[in-house]
Amino acid sequence: MIIVNGDIVAQGSQFGLKDVEVVTATVDLEEVRSYRAAISRGLQAATLNARYQRIQTPFELAPEDDDADIEKRPTLPMQPRMHPVEEEIALSGGCYLWDYLRRSGTAGYLVPLSGGIDSCATAVIVYSMCRIVMDAVEEENQQVIEDVKRLCQYSQGVLPKTPQELCNQIFTTIYMGMKKQSSRDTRQRAKDLAEAIGSHHVNLDIDEIYEAQKKLVVNTLNFEPRFGVEGGSNQENLTLQCLQARIRMVTAYEFGQILPTARGRPGGGSLLVLGSANVGESLRGYLTKYDCSSADINPIGSIDKADLKRFIAWAEKEFDLPCLHEFLTAVPTAELEPITENYVQSDEADMGMTYEELTTFGRLRKLNKLGPFAMFQRLVHDWSIDRKHVEGDTAPHYTPAQVAEKVKRFFHFYAINRHKMTTLTPALHCNDYSPDDNRFDLRPFLYPNFWKSWSFKRIDMELKKIEKKRASKGK
């Protein structure tokens, strides 16, 4: 930016693929001198005993001849241009992915599509990258054109004409389903999205690999694990869910390694695997270690669910992708348990908290630096069931006991899952409360039980006081 006396007179682009951007403005230096010549400054200068030598120079910033040129005038002030959250995700993620791709020297990206909003958002960010790149090609950005020619070797140096054509050559989406767990809806949503953005799409099932790996346990231990809906224990249920998730990670890397060669790309090459675990799931530890959350980079690793939904709703109209509406209305689910007439796995039900609540926990933990007891003291007021309704207030209404239970549950799972943060895929940082342990959040990854011995007891003591006071008021 160029700012004169507090007024913005010129502003460069916040995101772009140009190596150099020059921003210019015409400035009246007399306005700056007048602004700086405050009386208090003059008095302070006059009281100084030190003398400063004046140095004459053979040039002027504002030659006197300019005063006679009446065509010149100072650049008028302007309002700052600020991108909304949705545009920031599209532009920052797109520029970041392109820079990473061209520097890495690989053949493109691969995203495991689940039919959910997280992997959908990751894929749409890649599509946003392709849109940005094609705009730069149209502007005849030579560096971008050279990079596109290197990447698009399928077409032997012929430049793609649309973002979809570019997407097809450097981006692969893969749906890895299971016949009992995966629904037709998620499979169809993944296919529709791939067709809309032009990605090379692979649709497969991992049942045979899953059954073979499961038989290894049965034959070796003479014990057959079962899902919870089939009467199995919690440990059996987790084992089978994690098995599927990790098979998907191995499969994603396998296809990422061989796909460019199988598609006939000269020189072969490999694809970088993109992760799609949002910041809330990482914070809560609601992910399998070394599953599809394990990737080369994660564009949405520090973006919460609410902002991802806003981004998808924005992209539906801005990018003309009607199929995105189905992702917005779908219930978030990992689809790692069998679907029955009475049961469909739900992320928020499994976690015991909503994604909006996770965002609140994350901000209070990192930005406000609150522990369990201090967080309870804050939220018991913010989420109070007794507070008066205020227009625009979207915070939930809970009893003090419910708030205490949620805070305890969050910190319990946060503590026992901190070890997962050490293996999180490096993410593009978009907020101040990312739990990414690699470079950002260097908190301990093993917590002792003092929370339960002190903080949790203090919550219980405070809860008794609050309940007693509410009872005296007849609530």
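Arg-363 has a relative accessible area of 38% and is therefore partly exposed; here buried means under 20% relative accessible area, exposed over 50%, and partly exposed in between, with a 1.4 Å probe and protein chains only. Please note that this is a predicted model, in which local features need pLDDT of at least 70 and side-chain atom pairs count only at pLDDT 80 or more, while totals for chains, interfaces and linings use all residues. Residues are numbered from 1 along each chain as its sequence is written, and side-chain values use heavy atoms, with hydrogens and water left out.

Arg-363 forms a salt bridge with Asp-304, with an N to O distance of 3.8 Å. By salt bridge I mean a side-chain nitrogen of Lys or Arg within 4 Å of a carboxyl oxygen of Asp or Glu. What does this pair tie together? Asp-304 sits in the loop between α10 (279–284) and α11, and Arg-363 in helix α14 (residues 355–366), so the bridge joins parts that are 59 residues apart in sequence. Helices and strands are DSSP runs numbered from the N terminus, helices being H or I of at least four residues and strands E of at least two.

Arg-310 is partly exposed at 39% relative accessibility, whereas Glu-86 is buried at 12%.

A further bridge joins Asp-460 and Lys-408, with 2.5 Å between the closest N and O atoms. Since Asp-460 lies in helix α18 (residues 450–472) and Lys-408 in helix α16 (residues 400–416), the parts tied together are 52 residues apart in sequence. Here both partners are partly exposed: Asp-460 has 32% relative accessibility, and Lys-408 has 21%. There is also a network of salt bridges, which links Asp-99, Arg-102, Arg-103 and Asp-147.

Let me return to helix α11, where Lys-305 is also found. Is Lys-305 buried or exposed? Lys-305 is buried, with a relative accessible area of 5%. Leaving aside residues up to four places away in sequence, Lys-305 touches Ile-117, Asp-118, Asn-278, Glu-281, Pro-332 and Tyr-355, where contact means heavy atoms within 4.5 Å.

I turn now to the cysteines. A disulfide is a covalent bond between the sulfur atoms of two cysteines, and the criterion used here is a pair of cysteine sulfur atoms within 2.5 Å. Across the whole structure, the search finds zero disulfides. Cys-130 is in none, the nearest cysteine sulfur being that of Cys-167, 4.0 Å away. Cys-130 is buried, at 0% relative accessible area.

Next, the nonpolar interior. In soluble globular proteins, nonpolar side chains tend to be buried together. A nonpolar core is a set of buried Ala, Val, Leu, Ile, Met, Phe, Trp, Tyr and Cys residues joined through side-chain atoms within 4.5 Å. The largest such core has 53 residues, and the members touching the most others are Trp-98, Met-129 and Leu-193. Helix α4 (residues 117–138) supplies the largest share of this core, 15 residues. Beyond four places in sequence, the contacts of Trp-98 include Leu-17, Met-129, Val-133 and Ile-170, and also Asp-147, a member of the salt-bridge network already mentioned. Another core lies apart from that one and has 28 residues, among them Leu-370, Phe-373, Ala-415 and Tyr-447.

Finally, Asp-205 is located in strand β5 (residues 200–205) and is partly exposed, at 32% relative accessible area. Its contacts, not counting residues up to four places away in sequence, are Gly-177, Met-178, Lys-179 and Arg-187. Between Asp-205 and Glu-138 there are 67 residues in sequence and 40 Å in space, C-alpha to C-alpha. Thank you for your attention.
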